[in-house]
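Dear colleague,

Please find below the structure that I am handing over to you.

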Amino acid sequence: MPKIDAGSVREHRARRLAQLIDSAEAILNEGGVEALTAGAVAARAGIARNSIYRYFDSIEDLLELVVTREFPTWIDAVERAIAAEATPKEQVAAYVRANLDQAARGTHGWRASISRGSLSPSARERVKNLHVSLHEALTQVVRELGPPHPELTVAVLQAVVDACIRRIDQGDELVTVSDFAAEAVSRLLADDHH
């Protein structure tokens with residue numbers, strides 16, 4: 001029986017999984033996807049190679065865990081930002097701002113490049129579904145706004161977010177990008193366009 005180094009088995013498993021993901025991230029940063037092997041992760045984490053498979057089924061599964069690691073925090077931040085605002089227009093602006101803030105805080109560009117180049121089609125589909133769950137919050141707010149073309153409005157708003165996240169990933173300053181996005185969204189949602 002492995003030694004439990006936490007208050008409960010569940011807490012121990014969560015800590016160990018986080019340690020394995022940390023190890024995988026470090027290996028990916030240092031040597032790229034080619035360096036990510038079961039042996040390398042186990043050695044970095046200080047556990048037996050066969051023990052890592054108690055936490056995921058394959059290195060590909062671990063890679064997916066690395067790519068999706070920031071999603072729960074990101075989604076929570078966006079949902080809290082939307083909930084803090086009173087009007088649908090303010091909520092749309094909060095959606096945009098919160099997404100850009102999360103992109104600037106985290107390692108989105110790095111994770112996105114791993115996702116595009118190294119995940120299996122089924123893992124990429126699961127990542128896509130996480131993005132869709134995030135976009136549903138925007139869709140709901142846009143419906144409340146009642147524009148004549150809600151799907152098109154959502155698509156254009158999301159395109160602004162995506163383009164601005166790419167600019168942040170490329171090194172543009174958050175304040176500059178966020179101000180630009182806020183102005184673009186404001187113009188898109190101006191009352192005289194409806």
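In what order do the elements of the protein run from the N terminus on? The order is α-α-α-α-α-α-α-α-α. In total, the secondary structure comprises nine helices and zero strands. Please note that this is a predicted model.

As to overall dimensions, the C-alpha trace spans about 65 × 35 × 30 Å along its principal axes. The protein has 194 residues, of which 37% are buried. Its accessible surface is about 10900 Å², and carbon and sulfur atoms account for 52% of that area.

The largest nonpolar core contains 52 residues. Within this core, the residues with the most contacts are Leu20, Leu36, Val41, Ile52, Val92, Tyr95 and Leu100. At least two core residues come from each of α1 (9-31), α2 (38-45), α3 (59-68), α4 (71-83), α5 (88-105), α7 (121-145), α8 (150-169) and α9 (174-188).

Apart from neighbours within four places in sequence, Val92 is in contact with Leu138, Val141, Val142, Leu145, Leu157, Val185 and Leu189. For the protein as a whole, among contacts between residues at least 6 apart in sequence, 65% join residues at least 24 apart.

Finally, the charges: there are 22 positive and 28 negative side chains. The centres of these two sets lie 7 Å apart.

With kind regards

Conventions. Residues are numbered from 1 along each chain as its sequence is written. This is a predicted model: local features need pLDDT of at least 70, side-chain atom pairs count only at pLDDT 80 or more; totals for chains, interfaces and linings use all residues. Side-chain values use heavy atoms; hydrogens and water are left out. A nonpolar core is a set of buried Ala, Val, Leu, Ile, Met, Phe, Trp, Tyr and Cys residues joined through side-chain atoms within 4.5 Å. Buried means under 20% relative accessible area, exposed over 50%, partly exposed in between (1.4 Å probe, protein chains only). Helices (H or I, at least four residues) and strands (E, at least two) are DSSP runs, numbered from the N terminus. Contact means heavy atoms within 4.5 Å. Accessible areas come from the Shrake-Rupley method with a 1.4 Å probe; for residues, only the protein chains shown count as cover. Lys and Arg count as positive and Asp and Glu as negative; His and the chain ends are not counted. The place of a charge is taken as NZ of Lys, CZ of Arg, CG of Asp or CD of Glu.
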